[in-house]
Amino acid sequence: MNHDAWLEQADLYALGALDGEERAQFEAHLATDCAICAARLREMGEALRALPESLPSVAPPPALRARILERIAAERAPAAAPVTLRPARRPSRAVWWAGWAGLAAAAVLLVFVNTELRTTRQEVHTLQGRVATLQAELSRREETLRFFSDPGVRYVSLAGLKPSPEASAWLLWNPSTRQGLLLARGLPAAPAGHAYELWALAGGQPVPAGVFSVDAAGRGLLRLAELPTDHAFDTFAVTLEPTPGVPKPTGPMHLLGKV
Amino acid sequence: MAAALPGASIQLLGEIARGDRDAFARFYDLHASLVHTFALRILRERSEAEEVVQDVFVQVWRQAAGYSRDRGTPEAWLITLARSRGIDKLRSRRRRDEMVRPAETAERLPEPVALESATGPAEARATLGGVLADLPTAQRHVLELAYFEGLTQTEIAARLGEPLGTVKTRIRSGLERLRGALSARGGAERA
């Protein structure tokens, strides 16, 4: 860095506007006893007086003056005051320094505790988020487990039709709770703007049961939509439909199976 | 603001260094308003501003012997002490507010009045404050954010939603003007 750049940094340093790293760099430079920068800092310090000095003056309350003078009266004469220190006072000077050391240690401790608290708070926040996620996951699994362990669950096999003869699917279907899970495989990727739609049929009348897409391997998974209770569904079918799905089937049928 | 002769303050500091409590009281009377006004501007809260005044003057009492004219005028020294204490308090309050949200809001003073209205135009022109009032608003604003709110240039850019380069340029131009005004004043005093 050429020296003019340091002078600019000196101005910003005096203003207190340097960010952490730049500030550390400038302080390191200043530590080399650079007289030019020290002079510049002094000059900038005087120039910056304009900021507080141009504020409308607010006198402090007289009680504050009394408090400060009382405080000073209780203090020993300034530490560096020449010759007035009696030899007998020397030990108490050590105590004075010990007191400052203690204060400094307490300040460091306070900063440390403060930082720790903040970190802990963030950790608690993160953990709360994870607990919520896990609880949601757990209740989903419990629900799945209840679903599978219900003796009423029927197993429906769906076979591939002409457009995708290699495809097949299983449907786990509980007629009493009207819950179901479809696992399809071997389906071709749906063209853009299209997806597969599952239909539940009662007496040949299709009711939409949910829309799903398939992954690169042609697998699809669908939790069935809520179905009406007054239908006795006996057949399930999958057709290819424009997204986001249609109320009545319009596209080619890919899978079909009877309960 | 009543400006004392710099020489008088320096002499008082010498007496304070020798443990003269009357000199300390005189020094306080000369400068307490400036320190208090400044601390109040930074913190906008009376009791914290008073703590800063107390801290600064106790430090003056303890360190008067360490004051050297080479480091600037007593006023600049006081202002440096007050700013460092004030900004420290402001930052720890911000940290506290961050931790305890919603914060119990202490009684805060309203936003400060604009500097132009603080000093009458005639009076202002006679002081450095006049230069400040003459600064373009955008330049003055970035200086104030750094000096009174303790924000770094990056923080200022984020606060204003402006590119860092723009903020740097504004700060630089503002500081240049202040320095220019200082040398003009120095010239006038010497003349």
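Here is a tour, stop by stop, with something to select at each one. One thing to keep in mind as you click around: this is a predicted model.

**Stop 1: the largest nonpolar core**

Select Leu15(A), Leu48(A), Ile16(B), Ala39(B), Ala146(B) and Ile171(B). The largest nonpolar core has 62 residues, and these six touch the most other members. Now colour helix 2 of chain B, residues 21-43: this helix gives the core its largest share, 10 residues.

Zoom in on Ala39(B). Which residues does Ala39(B) touch, leaving aside those up to four places away in sequence? Show Ala49(B), Val52(B), Val53(B), Ala82(B) and Gly86(B), and you have them.

**Stop 2: another core**

**Stop 3: a cis peptide bond**

Stay with chain A and pick Thr243(A) and Pro244(A). The peptide bond joining them is cis, with omega at about 0°. That's worth a look, because most peptide bonds are trans. You'll find Pro244(A) in the loop between strand 7 (235-242) and strand 8 (253-258) of chain A.

**Stop 4: a glycine and what it touches**

Gly193(A) belongs to the loop between strand 3 and strand 4 (194-202) of chain A. Skipping residues up to four places away in sequence, Gly193(A) touches Pro242(A) and Thr243(A).

Is Gly193(A) buried or exposed? Gly193(A) is exposed, because 9 other C-beta atoms lie within 10 Å, and a residue with 12 or fewer counts as exposed.

**Stop 5**

Most residues other than glycine have a negative phi, so the last two picks deserve a click.

Select Asp33(A) first. This residue is not a glycine, yet its phi is positive, about 60°. Asp33(A) is in the loop between helix 2 (20-30) and helix 3 (35-48) of chain A. With 8 C-beta neighbours inside 10 Å, Asp33(A) counts as exposed.

Then jump to Arg178(A), another residue other than glycine with a positive phi, near 60°. Look for Arg178(A) in the loop between strand 2 (168-174) and strand 3 (179-185) of chain A. Arg178(A) has 17 C-beta neighbours inside 10 Å, so Arg178(A) counts as partly exposed.

Note on methods
Residues numbered from 1 in each chain as written. Chains lettered and ligands numbered in written order. Predicted model: local features only at pLDDT ≥ 70, side-chain atom pairs only at ≥ 80, totals over all residues. Core = buried A, V, L, I, M, F, W, Y, C linked by C-beta atoms within 7 Å. Buried ≥ 20, exposed ≤ 12 C-beta atoms within 10 Å, placed from the backbone. Helix = DSSP H or I, 4+ residues; strand = E, 2+ residues; numbered from the N terminus. Contact = placed C-beta atoms within 7 Å.
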